[in-house]
Amino acid sequence: MTPLQLLVKITVVVFVVSSMVSIGLAARGTEIIAPFRRPLWVLRALTANFVLASAVALAIAGALPLDPGYELGLLLLGFSAGSPLLPKLAEAGRSDVASAAALMVLLMGASVVVMPVALPLFATGLQVQPGRIAMPLVVLMLAPLLLGMAWQRVAQQTGAKLLPWITKTSNIAFVAVVLLVCSTNFTALAGVFGSGAIGAAILFVVLLFAGAWVLAEPDPAGRRLLGYATGGRNIGAALVTAGASAVDPKAVVMLIVTGMVGLVLLLTAGVRARRTESPISLQPPRRASREL
């Protein structure tokens, strides 16, 4: 391993851990628990983010003449749900930020359970035991998330003061990850053009957003929120899994390309919708709660 490759791994760890801690510090227990009072909504979210997403990834990989590395990248994203950027996307699209945070935590926790079980079954290029996938997800994602939530509960004032700095660290680390991955995989990144990878990434995000729109509750803002959650994949979880599995560098490039494409498309959709739709809250009403 070269010093630059080691720096990439360290930067990915900093990005993932700081993102999870900041999410935990910003989350409130009542907001996280609220979605579980609406089991049909939870079922829709899980179906869109794991059944639909993995099916779309497999369908695109089978229909388009993509390099196996790019196919593996798409499949990694198909099982990586709960993007840390979801609250920002919800804010841009005038959806309820508290509900977005709850949805993000739900999907992130589900990814830790689903990825180690599902990936070895479907990803032929991922030669790794389920335990080796689960361990970094638990250590680098679930544990920091729980630490942040506990910190917020025990020392709320201190956590509030540190939250902006931890969030800034996460943002800087994300930019550094993108730049370092591009520099260490320059040849592979240059090969993206004309390979069909960019078109596959666009198709992947668009189909996920459209499919989530159909599966979601019959309200435009609620449909957008599930669309953001499904179309915006958890790049951190996918990078952690890729790093633990020593995958083809093209798979890592596909993660970055799809992440950037998804961010642009979803932010554009959010800005366009912001002017026309009112926000929606998925928190249960105060007087009485009812199922969808």
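Mentor: We'll take pockets, a cavity, a salt bridge and a surface patch in turn.

Mentor: Keep in mind that this is a predicted model.

Trainee: Okay. What volume does the largest pocket have?
Mentor: About 840 Å³.

Trainee: And how many residues line that pocket?
Mentor: The lining has 36 residues. Nearest the centre of the pocket are I23, P84, L85, P87 and K88.

Trainee: Which helix gives the largest share of that lining?
Mentor: That's α13, with six residues. Several helices supply at least two lining residues each, among them α1 (3-26), α5 (86-92) and α8 (156-184). Helices α6 and α12 (235-245) are also on that list.

Trainee: Switching to cavities. How many of 30 Å³ or more are there?
Mentor: One. The space in the largest cavity is about 30 Å³.

Trainee: Which residues line the largest cavity?
Mentor: W41, R44, A216, E217, G222 and L226. By class, three are nonpolar, one is polar and two are charged.

Trainee: Where in the fold do they come from?
Mentor: Helices α3 (39-63) and α11 (220-231) each give at least two residues of that lining.

Trainee: New topic. How many salt bridges does the structure hold?
Mentor: One. K250 pairs with D67, and their closest N and O atoms are 3.1 Å apart.

Trainee: Which parts does that pair tie together?
Mentor: K250 sits in helix α13 (residues 249-274), while D67 is in the loop between α3 and α4 (68-78). So the pair links parts that are 183 residues apart in sequence.

Trainee: Last one, the surface. Which residues form the nonpolar patch?
Mentor: L58, V117, L121 and F122. Together they have about 400 Å² of accessible area.

Trainee: Which helix supplies the largest share of the patch?
Mentor: Helix α6 (residues 97-122), with three residues. V117 is located in α6.

Trainee: Why does V117 count as exposed?
Mentor: Because its relative accessibility is 55%, and the cut-off for exposed is over 50%.

Definitions and conventions:
Residues numbered from 1 in each chain as written. Predicted model: local features only at pLDDT ≥ 70, side-chain atom pairs only at ≥ 80, totals over all residues. Heavy atoms only, no water. Patch = residues over 30% accessible without salt bridge, like charges linked within 9 Å, V, L, I, M, F, W, Y side chains within 5 Å. Areas by Shrake-Rupley, 256 points an atom, 1.4 Å probe, with all protein chains shown as cover. Salt bridge = Lys/Arg side-chain N within 4 Å of Asp/Glu carboxyl O. Helix = DSSP H or I, 4+ residues; strand = E, 2+ residues; numbered from the N terminus. Buried < 20%, exposed > 50% of the residue type's maximum accessible area, 1.4 Å probe, protein only. 1 Å grid on protein atoms, 1.4 Å probe; cavity = no way out; pocket = protein on both sides within 12 Å on 5 of 7 lines; lining within 4 Å. Points joined across faces, edges and corners; volume = space filled by probe spheres on them. Nonpolar A, V, L, I, M, F, W, Y, C, P; charged D, E, K, R; others polar.
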